[in-house]
Amino acid sequence: MAQPLLEATNISHSFDYPLFTQIDFTIEPTQSAAIVGRSGSGKSTLLHIFSTFMKPNEGKITLLGNDLYSLSGEEIESLRRYDVGIIFQFHHLFKGMSALENIGVATMLSGEQIDDTILKKLEIDHLMSHKTSELSGGEQQRVSIARVLNKKPRIIFADEPTGNLDKETAELVMDVLTDYIKETSAALVLVTHDENMAARCDEIYTLEDQALKK
Ligand SMILES: Nc1ncnc2c1ncn2[C@@H]1O[C@H](COP(=O)(O)OP(=O)(O)OP(=O)(O)O)[C@@H](O)[C@H]1O
Ligand SMILES: [Mg+2]
């Protein structure tokens, strides 16, 4: 069995009330996992925990071979910059910059070149000189996905990456994400409300009653 890219054990977290209790989750290279569940069940919170942005009340996370809660701030920063790809529910492009500049910032930080094939596959290569404010919501979403893939992450966490896309464009984005993880032996953890997108993953988990069920 390959070394997991992410191994989470006994993760528990509460805000005003317990959100989840003793969750275990593992993902290996080339694998994709969907996490589904009702609005408010804690999917985004769990993704924030998996991706280093939040610390749970209890539990242990080994991400890319690192015991997260024994790393320094600098080491976590470096993991985020070079190895972890995060596509959040609300994408954060710099408004005054062109699409190309937005992607360029990320690649500069991670020391990678801009990959034209990714832009072509996402059908945004012709939009590179447009300012963020001149792009449609779905185009902005695809630019933010290109930005993440361009830094060549070893694991991708995506929260509703196809949320405001039509079915055809959503399929295209899923094609690009699944091709990427197969080609680079990365992994994808996808939070979605879209059953078709969930069905395209190797595993589907449901977050309900404070537990993550297969
Ligand atoms: N920082 C916070 N402080 C307090 N409560 C929070 C915080 N973040 C999230 N919550 C609460 O935790 C619950 C789970 O939120 P979360 O965003 O993880 O849900 P979700 O499953 O992603 O929902 P959706 O499908 O609507 O995106 C919600 O009731 C939310 O109000
Ligand atoms: Mg959410």
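Okay, let's start at the ligand: the shell around ligand 1 splits into 2 nonpolar residues, 7 polar and 1 charged. By the way, Ala, Val, Leu, Ile, Met, Phe, Trp, Tyr, Cys and Pro count as nonpolar, Asp, Glu, Lys and Arg as charged, and the others, Gly among them, as polar.

Quick housekeeping. This is a predicted model, where local features need pLDDT of at least 70 and side-chain atom pairs count only at pLDDT 80 or more, while totals for chains, interfaces and linings use all residues. Residues are numbered from 1 along each chain as its sequence is written, and chains are lettered from A and ligands numbered from 1 in the order in which they are written.

So who sits around ligand 1? Phe15, Leu19, Gly37, Ser39, Gly40, Ser41, Gly42, Lys43, Ser44 and Thr45, where being near means a C-beta atom, placed from the backbone, within 6 Å. Helix α1, residues 43–50, gives the largest share of that shell, 3 residues. Helices (H or I, at least four residues) and strands (E, at least two) are DSSP runs, numbered from the N terminus.

Next, the sheet. Which order do its strands take? The open sheet has 4 strands, running β2-β1-β4-β5 with antiparallel pairing; two strands pair if DSSP finds at least two bridges between them. At the edges are β2 (18–27) and β5 (66–67), each pairing on one side only. Helix α1 packs on this sheet and touches β1, β2 and β4, with its direction at about 130 degrees to that of β1. Contact here means C-beta atoms, placed from the backbone, within 7 Å, and axes are lines fitted to C-alpha atoms, for helices over the stretch in contact, with angles from 0 to 180 degrees between N-to-C directions.

Now phenylalanine 50. Setting aside neighbours within four places in sequence, phenylalanine 50 contacts Leu6, Ala8, Ile61, Phe157 and Val189. Phe50 is also among the residues with the most contacts inside the largest nonpolar core, which has 57 residues. Such a core is a set of buried Ala, Val, Leu, Ile, Met, Phe, Trp, Tyr and Cys residues joined through C-beta atoms within 7 Å.

Last stop, threonine 52, in the loop between α1 and β4. Its phi is near 80 degrees, a positive value in a residue other than glycine. Most residues other than glycine have a negative phi. Why is threonine 52 called partly exposed? Because it has 19 other C-beta atoms within 10 Å: 20 or more would be buried, 12 or fewer exposed, and partly exposed is in between, with C-beta atoms placed from the backbone.

Conventions: Two residues are in contact if their C-beta atoms, placed from the backbone, lie within 7 Å.
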